[in-house]
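Here is a short briefing on one helix and the aromatic rings around it. Please look at the structure first.

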Amino acid sequence: MITKRTARALATAAALAATITLPGAVTGAPAALAAAPAASVTGHSTAADARSPRLDRATVIGWVERYLQAWKDKDDVAVGKLFTRDAVYQEVPGDRDRTFVGRAAIRKYWRGITKGQSDVTTRYGEPVIQGDRAAVELWITLKGGGKWMTIIETNVMTFDRHARVSRNAEYWTLRQGKFAPPRGWGSGS
């Protein structure tokens with residue numbers, strides 16, 4: 001159930017959402033989002049047993065490494081397996097046109113977004129974990145449309161008890177060119 005406070009936060013986020021689209025991005029909200037139950041829209045399960053109260057570093061790192069490998073391989077099937085059946089993937093939190101609900105929608109988005117990418121290199125930082133949620137910094141360089149880009153991203157994820165993500169919210173910036181992370185990046189210090 002979406003509370004009034006959550007609805008206000010979503011409305012505020014939507015009003016402030018960035019309008020940058022990566023080359024090859026898939027736009028348009030899936031019909032499933034409009035019809036999704038409130039629990040799916042928030043990304044939080046209503047069943048307490050589906051949540052993971054004790055998320056550990058190894059689980060998060062394993063998930064992130066599979067996610068980044070799927071990115072390099074442009075493997076939408078592999079990325080789909082990382083998410084719950086009714087997962088919510090927010091490329092831009094609060095923007096319904098850039099929110100994808102369910103594995104099929106996430107896989108379709110993934111195929112479109114990675115299609116024009118090449119020479120992908122990835123790094124990740126030390127995850128921050130609290131309860132069933134984790135945040136991790138990503139540093140991605142790639143070629144899109146023949147030009148180098150650097151994506152500096154933080155993903156905030158909610159995990160279920162089977163180490164799948166039920167909600168992924170991306171917060172990122174895109175820089176034209178190929179840049180290395182600054183000293184100390186991703187160390188958590």
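Helices (H or I, at least four residues) and strands (E, at least two) are DSSP runs, numbered from the N terminus. This is a predicted model: local features need pLDDT of at least 70, side-chain atom pairs count only at pLDDT 80 or more, and totals for chains, interfaces and linings use all residues. Residues are numbered from 1 along each chain as its sequence is written, and side-chain values use heavy atoms, without hydrogens or water.

**Helix α4**
- Tyrosine 67 and tryptophan 71 both lie in helix α4, four residues apart, about one turn of the helix.
- Both are buried (under 20% relative accessible area; exposed is over 50%, partly exposed in between; 1.4 Å probe, protein chains only).
- Other buried residues of α4 include Val60, Ile61 and Trp63.
- Lysine 74 follows α4 and has a positive phi, near 55 degrees.

**Aromatic pairs**
- Rings of Phe, Tyr and Trp (its six-membered ring) pair if their centres lie within 6.5 Å; planes under 30 degrees apart are stacked, over 60 edge-to-face, the rest tilted.
- The count by this rule is ten aromatic pairs.
- Tyrosine 67 and tryptophan 71 have ring centres 6.3 Å apart and planes at 80 degrees, so the pair is edge-to-face.
- Tyrosine 89 and tyrosine 109 have ring centres 5.2 Å apart and planes at 50 degrees, so this pair is tilted.
- That pair links distant parts of the chain: tyrosine 89 is in strand β1 (residues 83-90), tyrosine 109 in helix α6 (residues 103-115).
- Tyrosine 89 is buried at 0% relative accessible area, and tyrosine 109 is buried at 3%.
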